[in-house]
Amino acid sequence: MSAPPAPEILEYGIALGCNLGDRLSLLHAALGALAGLGEVAAVSGAYQTEPVDCAPGSPAFLNAVAVVRSGLAPREMLSALQGIERRMGRPDGHGRNTPRTMDLDILFAGDRVVAEEGLVLPHPRLHLRRFVIEPLAEIRQDLLLPGFVVPVKTLLERLDSTEPPLLRFAELKPVSDKPGDAEEKWAVFSAIKPSGRQVVCLTAGDYPTARLLDEGGVDLVLVGDSLGMVVLGYGDTVDVTLAEMIHHIKAVKRGVKRAPVLGDLSYHTYSTPEQAVATARELVRAGADGVKLEGGVAMLPQVKAILAAGIPVVGHIGMLPQSVREEGGYKKKGKTPADAARLMEDALALDGAGVKAMVLEGVMPAVAAEISKAVKSPTIGIGAGWECDGQVLVTADLVGAFPWFRPPFAKARGDVAGVIREAVAGFSKSVRETGAPNDG
Ligand code: KIV
């Protein structure tokens with residue numbers, strides 16, 4: 001029996017647009033979903049555009065164009081895109097040009113010309129819209145679309161449109177299954193502070209959480225040693241071992257395609273520069289794209305040694321959880337002028353060494369704000385006010401998965417513990433009363 005013919009791979013142009021919710025995260029999430037339909041071969045930057053033909057007062061859009069190589073036929077691609085739009089919160093029968101969480105349009109499908117009910121390719125208006133043709137020209141300027149006599153760059157030059165100029169809002173990156181592109185991931189990360197956008201970092205210790213964070217568009221996934229408390233049940237982070245960090249980094253890495261994965265050096269594994277480099281290498285072998293360690297000036301030799309070994313480092317100053325036993329508790333930092341000056345010295349030393357970012361934990365907000373202005377690398381605050389360059393939270397605190405303790409600055413935006421308790425109670429009742437695992 002002969003094998004079925006391989007499906008024809010078509011190069012699709014897909015326009016992405018959204019003007020509700022956290023638009024950049026939604027674009028990242030849509031790119032993650034497109035990667036499930038084929039190879040995301042190229043993606044333009046995200047452009048902020050004023051709404052065209054929309055109701056007055058409609059919020060501004062973020063638009064981008066991606067090129068996806070896929071074995072799906074155009075009709076299959078159309079229904080796959082509609083499925084993604086629905087999963088991302090777009091209701092069925094949504095009117096044209098109304099605000100939306102995600103709009104995905106096929107612009108072209110290789111050299112196919114299609115004129116069917118509900119599907120016309122190339123898209124009949126693609127050459128009339130700056131928010132489509134400009135991002136497309138960024139990634140496929142020489143493309144000659146079927147039915148056109150000039151390439152995309154000329155369509156852009158000849159565009160006769162009253163649309164206001166597009167504002168380049170952020171860089172986007174194709175989602176790929178290929179490991180090892182840490183450098184590229186850090187390049188995208190490092191462009192965030194200069195662009196004026198805030199960094200979003202969350203922790204993960206397992207595959208599903210990591211995958212959800214990455215699909216949700218976070219900028220940095222931290223395998224923090226706080227997992228010792230919220231995953232492993234220790235009283236603090238001091239007992240977390242290197243073997244445990246490696247185990248959890250491997251699980252997280254399997255779930256993350258896009259954001260850099262940062263691994264914490266656990267306590268007592270970076271006492272000397274040599275030990276720090278050896279430990280950092282172990283974390284990188286497990287899948288970390290960089291490592292984080294606690295301490296400023298005192299840890300500079302370790303930071304420099306790890307950087308010299310070619311491994312990206314994120315610093316962590318202020319309240320240092322690994323020192324909780326020596327300090328006798330979690331204490332706010334930067335309360336006195338001398339303490340604030342010490343923190344600034346730590347921050348400048350880390351910045352000068354070339355860290356990718358630094359966590360400011362439990363630092364007085366005014367001090368955190370001063371440091372953020374003084375350093376080039378982004379500051380990522382936790383319990384340090386709102387004037388840092390970004391924020392990090394322990395995801396278990398964010399989603400309400402660890403109901404026995406939550407720091408006062410961490411707002412729970414979910415009740416995962418409540419959902420588990422309710423599901424356990426429902427399942428138990430059903431099994432005990434009827435013997436069946438499901439009601440009804
Ligand atoms: O371990 C961790 O999760 C951390 C964050 C709290 C910054 O270091």
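At roughly what angle do the axes of helix H7 (residues 207-215) and helix H9 (residues 242-255) cross, and within how many Å do they come?

Reply: This is a predicted model, in which local features need pLDDT of at least 70, side-chain atom pairs count only at pLDDT 80 or more, and totals for chains, interfaces and linings use all residues. Residues are numbered from 1 along each chain as its sequence is written, and side-chain values use heavy atoms, leaving out hydrogens and water.

The axes of H7 and H9 cross at roughly 40° and come within 7 Å. Helices here are DSSP runs (H or I, at least four residues) numbered from the N terminus; their axes are lines fitted to C-alpha atoms over the stretch in contact, with angles from 0 to 180 degrees between N-to-C directions. The crossing is right-handed, meaning that the near helix is turned clockwise from the far one by less than a right angle.

On the H7 side, Tyr207, Ala210, Arg211 and Asp214 meet Ala251, Val252, Arg254 and Gly255 of H9, contact being heavy atoms within 4.5 Å. By class, these residues are four nonpolar, one polar and three charged; Ala, Val and Tyr count as nonpolar, Asp and Arg as charged, and Gly as polar.

The axes of H11 (residues 300-308) and H13 (residues 337-353) come within 10 Å and cross at roughly 15°, so H11 and H13 are roughly parallel. Their crossing is right-handed.

Key:
Helix = DSSP H or I, 4+ residues; strand = E, 2+ residues; numbered from the N terminus. Parallel < 35°, antiparallel > 145°, perpendicular 65-115°, else oblique.
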